Amino acid sequence: MSGQILKDGAVTDASATVKPESPEGKPTVTVLDYGSGNVRSAVRALERAGAEVVLSSKPEDVLNADGLLVPGVGAFETVMGELKAVDAIRMIGRRVAGGRPVLAICVGLQVLFEAGVEHGTESEGMAEWPGKVELLPAPVVPHMGWNTVDVPEGSKLFAGVEQERFYFVHSYGVQEWNFDVVQPRMAPPLVTWSEHGARFIAAVENGPLCATQFHPEKSGDAGARLLRNWVDGLRKPASKVAQAPAADDRGAA
């Protein structure tokens, strides 16, 4: 991987090319760098979860890492424009199509849906899932603070923290889930819900593609456990392939 090495181990500057080797078996995670604002908390949280972390938008970093984290702060349309500017939409699509894990956070979750409506303007999303991001019908927005979540049975992302609270900062959300596509040999998506004025999607687990509306990196011990669950899922199992004897050794007395 490439980039300027920071004190916390993250990488940002494409002019550097060397990064210290990680301990054996440590999964690599690229935090997508596309101008989303302060992502240092996500970098540090992933490092604490056991990953080697790179902050980059370079294709080799985005496509080759064991996991990709897509942060998101700001307006739906703005984030989509910034993602397009670094060719991230194509790269995210390639990872998902190839079964390579992606975790999106906050507006990163929202842009995975078909569209977002802000201030009367509808913007096109990535359409990985059907649905529209709309203003939450609550007396007070943004929805800011800790909230419980309704986790479906079988969730791997929320294993051990099903009853915990997570930290939200958002005014918009997806309030309906209508996904009837069934993929062969692939479990149906698991959807976690929360509520602020109305029920909205708090997280989705869909094969290699996962996303949370809340900020796990700001959600204390519960968020740390969730990130560790995701990072642990990136670890490659040890190879147990038996080696055949060399040709020169065959039949040796």
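This report describes the sheets, helices and aromatic pairs of one predicted protein model.

**Confidence**

The average pLDDT of the chain is 87, and 82% of the residues score at least 70. Two stretches fall below that level of confidence. Over residues 1-21 the pLDDT stays under 50, and the model has 54 contacts beyond four places in sequence for this stretch. Over residues 238-253 the pLDDT also stays under 50, and here the model has 1 contact beyond four places in sequence. Where pLDDT is low, the predicted coordinates should not be read in detail.

An open sheet is built from 7 strands in the order 2-1-3-4-13-12-11, with mixed pairing. Its edges are strand 2 (52-56) and strand 11, each of which pairs on one side only. From one strand to the next, the twist averages 20°.

At one end of this order, strand 11 and strand 12 (residues 199-206) run antiparallel and are joined by 6 bridges. V191 has V204 in strand 12 as its bridge partner, and E195 is partnered by R199 of strand 12. The two strands make a hairpin with 3 residues between them, and G197 in the turn has a positive phi of about 80°.

Helix 4 (residues 88-97) lies across strand 1 (28-32), strand 3 (67-70), strand 4 (102-105) and strand 13, and it runs at about 140° to strand 3.

Helix 2 (residues 59-64) contains L63. Is L63 buried or exposed? L63 has a relative accessible area of 16%, so it counts as buried, the limit being under 20%. Apart from its neighbours within four places in sequence, L63 is in contact with M91, R94, R95 and R100.

Another open sheet has 4 strands in the order 6-5-7-10, and its pairing is mixed. Strand 6 (121-124) and strand 10 each have a single partner strand, so one side of each is left without a neighbour in the sheet. The twist in this sheet averages 20° from one strand to the next. Strand 5 and strand 6 pair in the antiparallel sense over 4 bridges, and V117 stands opposite E122 in strand 6.

Helix 3 packs on this sheet, where it touches strand 5, strand 6 and strand 7 (129-135), and its direction makes about 25° with that of strand 6. Which residues of helix 3 (residues 76-85) are buried? They are F76, V79, M80 and L83. Viewed down the helix axis, these buried residues fall within an arc of 100°, so they line one face of helix 3. The face turned away from the buried side carries the exposed residues E77 and A85. Just after helix 3, D87 takes a positive phi of about 65°.

**Aromatic pairs**

How many aromatic pairs does a search of the whole structure find? The search finds 10. A pair of aromatic rings is described by the distance of the centres and the angle of the planes. Two of the pairs are set out below.

| Pair | Centre to centre | Angle between planes | Geometry |
|---|---|---|---|
| F113 and W177 | 6.2 Å | 80° | edge-to-face |
| F158 and F214 | 5.9 Å | 65° | edge-to-face |

F113 is buried, with a relative accessible area of 0%.

The F158 and F214 pair also links distant parts of the chain, 56 residues apart. F158 is in the loop between strand 8 (143-148) and strand 9 (165-170), and F214 is in the loop between strand 13 (209-212) and helix 6 (220-232). Both F158 and F214 are buried. These two residues also belong to a cluster in which ring pairs link F158, F166, F168, F200 and F214.

Definitions and conventions: Residues numbered from 1 in each chain as written. Predicted model: local features only at pLDDT ≥ 70, side-chain atom pairs only at ≥ 80, totals over all residues. Heavy atoms only, no water. Buried < 20%, exposed > 50% of the residue type's maximum accessible area, 1.4 Å probe, protein only. Arc of directions from axis to C-beta. Phe/Tyr/Trp six-rings, centres within 6.5 Å; stacked < 30°, edge-to-face > 60°. Pairing = 2+ DSSP bridges. Axes fitted to C-alpha atoms, helices over the stretch in contact; angles between N-to-C directions. Contact = heavy atoms within 4.5 Å. pLDDT = per-residue confidence, 0-100.
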